[in-house]
Amino acid sequence: MDVVDLLIFALRLLLVALLYLFLFAVLRLAITGMHSSAHARPDPAQRLRLQVIEAGESTLSTGQTIEVADGSTLGRGDRADMPLGDTAISAEHAQVRREGRKWVVTDLGSTNGTRLNDKLVNGRASLKEGDVLALGTVRLQVLPRAT
């Protein structure tokens, strides 16, 4: 074997090693992507479940169940995470947030106020299963957590 043949052989080995390295990197990236997408699915327990008791002027239907994510804003405006097309509801009416294991509703200075069990919410209030949340003419009942 002369030097040229040895060099060609070494380059072939290097090319094969680079191909295996590339395949390993692609597989690793694919496996990591599958794991992260499996963990990225929203946990149903991380969402507040509400059932529409009275739809008012909104686009919701009586009996409809809606799920609201942590930190969501309810309101009439385009910037609301849960748009409720009711003229008695402010553009950004209220916000629901999870604090530990409980949910809290905060009135965002709405014109007509936020009511919880027919009592005006001043600032914020804790939500429990069975509570009735009223925004404008829309009434929503807090449902048990999804399992």
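Author: The questions and answers below go from the whole chain to single residues, and they concern a predicted model.

Reader: What makes up the secondary structure of the protein?

Author: The secondary structure comes to one helix and 11 strands, and along the sequence these follow the pattern α-β-β-β-β-β-β-β-β-β-β-β.

Reader: Why is the protein called more spread out than a compact globule?

Author: The globule rule gives 15 Å for 147 residues, whereas the radius of gyration of the protein is 27 Å, which is well over that value, so the protein is described as more spread out than a compact globule. The box filled by its C-alpha atoms, taken along the principal axes, is roughly 95 × 30 × 30 Å. Of the 147 residues, 31% count as buried, a word that stands for under 20% relative accessible area.

Reader: What makes Leu7, Leu11, Leu14, Leu18 and Leu21 a patch?

Author: Membership requires over 30% relative accessible area and no salt bridge, and nonpolar side chains such as Leu are joined within 5 Å. Leu7, Leu11, Leu14, Leu18 and Leu21 form such a nonpolar patch on the surface, and together they have about 510 Å² of accessible area. One of them, Leu18, is found in helix α1, which covers residues 3-40.

Reader: Why is Ser126 called partly exposed?

Author: Buried means under 20% relative accessible area and exposed means over 50%, with partly exposed in between; Ser126 has 33% relative accessibility, and therefore counts as partly exposed. Ser126 lies in strand β9, residues 124-127.

Reader: Which residues does Ser126 touch, not counting those up to four places away in sequence?

Author: Contact means heavy atoms within 4.5 Å, and on that basis Ser126 touches Lys102, Trp103, Val104, Leu116 and Asp131. Ala91, for its part, is 35 residues from Ser126 in sequence and 22 Å from it in space, C-alpha to C-alpha.

Definitions and conventions. Residues numbered from 1 in each chain as written. Predicted model: local features only at pLDDT ≥ 70, side-chain atom pairs only at ≥ 80, totals over all residues. Heavy atoms only, no water. Patch = residues over 30% accessible without salt bridge, like charges linked within 9 Å, V, L, I, M, F, W, Y side chains within 5 Å. Areas by Shrake-Rupley, 256 points an atom, 1.4 Å probe, with all protein chains shown as cover. Salt bridge = Lys/Arg side-chain N within 4 Å of Asp/Glu carboxyl O. Helix = DSSP H or I, 4+ residues; strand = E, 2+ residues; numbered from the N terminus. Rg over C-alpha atoms; globule rule 2.2 N^0.38 Å. Buried < 20%, exposed > 50% of the residue type's maximum accessible area, 1.4 Å probe, protein only.
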